[in-house]
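Dear colleague,

I am handing over the structure we spoke about, and below it you will find my notes on what turned up when I went through it. Please read them with the model open beside you.

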Amino acid sequence: MAGAPEVEDWLDRERSRLARLAAGVVRAAPDPAPAPTPRADGPLLLICPFTVRGNAAIGYLAEGMVDLLATKLDGAGDLRVVEPRLALSGAANTGEAWDVSRGKWLAARAGAASFILGGVVEVAGRLEATAALHSADGALLARVDGRAEGEAGLFELVDQLARHLLAHWAGAANDRLTRLAALTTESLPALKAWLNGERAFRLARHLEAADAYRRATQADRSFALAWYRLAAAYAASALITPAREASAAAYRHRKRLSEHDRLLLEAQHSWITGQSGDAERRYAALVTAWPESLEAWFLLGDVQLHSNPYRGKSAVLARASFERAVELDPGHLGAIVQLARIAAMEGRGGDLDALVERALTLSPSGDQALGLRVLQAFSLGGPTLQAEVTRELAQARGLTIARAFSDVALYSGNLDGAERLGRELFAAARSEEFRAFGQVTLAHLDLARGRVVEAFDRLRQAERHDPAWALETRGLFAALPFLPIPPDRLAAVRAELTAWDPAAARPAVAIPLAFHNDLHAQLRVYLLGLLAVRAGTLEEAALAGEELAELPVPEGNEALLQHLGRTLHAALLQARGAPQEALAVLEQGRLDVWFQYAVASPFFAGTYERFLRAELLAAAGRLPDALQWWGAIAERSPFELPFLAASLERQRAIWRELGDTEQAGRAEERARVLWGNGPKW
């Protein structure tokens, strides 16, 4: 034992403890007592005393291995280990060998779902250990081995056993990704942190999961799957820059993985870096080659739900992918949450109710739980329930509030309720910036209902808290070609934008207002160009397009500025009577957008471009394509809502032209509910 003082100290403490305990464990084994109720916070594992052979000096490991393995295994994910003292107090020292029947008896006594039998052999100073994992009925689940060069390597030996046992324990739970994680890291602390992250991630507690995955990457910097999951947890929490950094780290270490998992990682990297079209193609290839891949089915649905509208397709087309994920895993919380949103979107109240209740049963305290209850209340409940969840929501995180309001505004079919919800929530906002965001969001809701004057008035209120966002939104509203805005008001907005110095804008701190921090100069020129098109001063619009192209491109905003430039160019070409050339400009560009930017900003959402594209498609006689683009508006962001009634009016005209009076009637009725007889100044 020379050179291993840490082990010697531990041995001294352990021998003393076991000597004190010995007096209480010399009785013959009693009959099995009624099993206690298993703990509700995870499966319970019992570790039986090990059989030790060889040098008598290592006899302490018979019971010492119980302590050592319990310390290593307890708290890994939702796994819990019977306390060593409880296990040893029932493990009567009768001289009998530890076999399956004794293990079953002790597991029943402790209420454990599984148990471990093991042995340690010393040969010429070398330690060899075996551990066998059994279910409570005695069935062998797994057998693992470990080796060490003498007692100095005892802790390393225990780590080997624990890591391989965790891999097989995860296998018993049919968690393929966790099994793989256990085999792709040599660090037991990293694996334990990973398992804790997986448990939190399954329950949609994404910030808690991110903290656990971060600890896993700190323990093993090359742990590709921990970086992969960390990126997903950050993305689910709208922490976009950290998500991309974690994804880049995962991508660097991807060669350590199997082909299937490397492809999963590469697809997520495309998704998180904003290449949604490439991500969808990769996930589609994965589910074709591996139709049993739960992860790929869910993420294919996630990409479709979030990105389809920006590519002229409905978000509800993601439903089949999520349903396949739930077929493979009926408890997949992420898929259930998204199916609930789709049910609300399609007006399937009974399915919405059932899916929300199912999600709440699986994870009553998950990140999405309160938002789902709010959506349920405003889709199906009455004023009392709505008031109750509103009070609860007012105390939540800003991200939870924004998501819940967005879901209600888009999917509940209850714009009156959405306005009440927004008024109460944003009036009680805890920061000036969030109050500004609330006023801007409510202005979009006003505009969706044809209340143009009210929308502009609300932006004046927002201006007190964040002048830059208010002015930029006012410029966008004034540029919308279907709104009846008096010429003097248009001229006033143009004059404000012309006189504005974007360099003087105070940088925002809060998300999503901070999304525009580096873009005020570009947005100003873009808006002046659109307003010039609307005013008919096309040379000014052309000059704005040139100026926009010459402005610097802030890092990470390349796709947005390409989109803004295309939109302005196409609007100018349409105004000049060249609709085919305008359509060609829009169709030659990328359609990718990172959905969390698009959900939270009217400029990243790109609804002006999508509406214009549909108009150009209709003018070109491509009516089904135009219907798809108009039909996908207002499925992902409340900032798309001002375009909804106008898009429904266009759809009504096309359906009537195609002879489908039923579809035309539906579109007309929906537009009338929003606008009545049309927007008013």
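In this predicted model, helix α28, which spans residues 579-587, has A582, L583, V585 and L586 buried. Viewed down the axis of α28, these buried residues fall within an arc of 155°, so they line one face of the helix. Among the elements that cover them are α27 (558-575) and α31 (607-619).

Helix α4 (residues 100-110) also has buried residues, namely R102, G103, W105, L106, A107 and A110, and α4 is followed by G111, whose phi is positive, near 75°.

Turning to helix packing, α21 (residues 432-448) and α22 (residues 452-463) pack with their axes 8 Å apart and at an angle of about 175°; because an angle over 145 degrees counts as roughly antiparallel, that is how these two helices are described relative to each other. On the α21 side the contact is made by A436, Q439, V440, L442, A443, D446 and L447, and on the α22 side by V452, E454, A455, R458, L459, Q461 and A462. Sorted by class, this contact has nine nonpolar, two polar and three charged residues.

Leaving aside neighbours within four places in sequence, L73 is in contact with L45, I47, L79, V81, I116, A162, L165 and L166.

Definitions and conventions
Residues numbered from 1 in each chain as written. Predicted model: local features only at pLDDT ≥ 70, side-chain atom pairs only at ≥ 80, totals over all residues. Heavy atoms only, no water. Axes fitted to C-alpha atoms, helices over the stretch in contact; angles between N-to-C directions. Helix = DSSP H or I, 4+ residues; strand = E, 2+ residues; numbered from the N terminus. Parallel < 35°, antiparallel > 145°, perpendicular 65-115°, else oblique. Contact = heavy atoms within 4.5 Å. Nonpolar A, V, L, I, M, F, W, Y, C, P; charged D, E, K, R; others polar. Buried < 20%, exposed > 50% of the residue type's maximum accessible area, 1.4 Å probe, protein only. Arc of directions from axis to C-beta.
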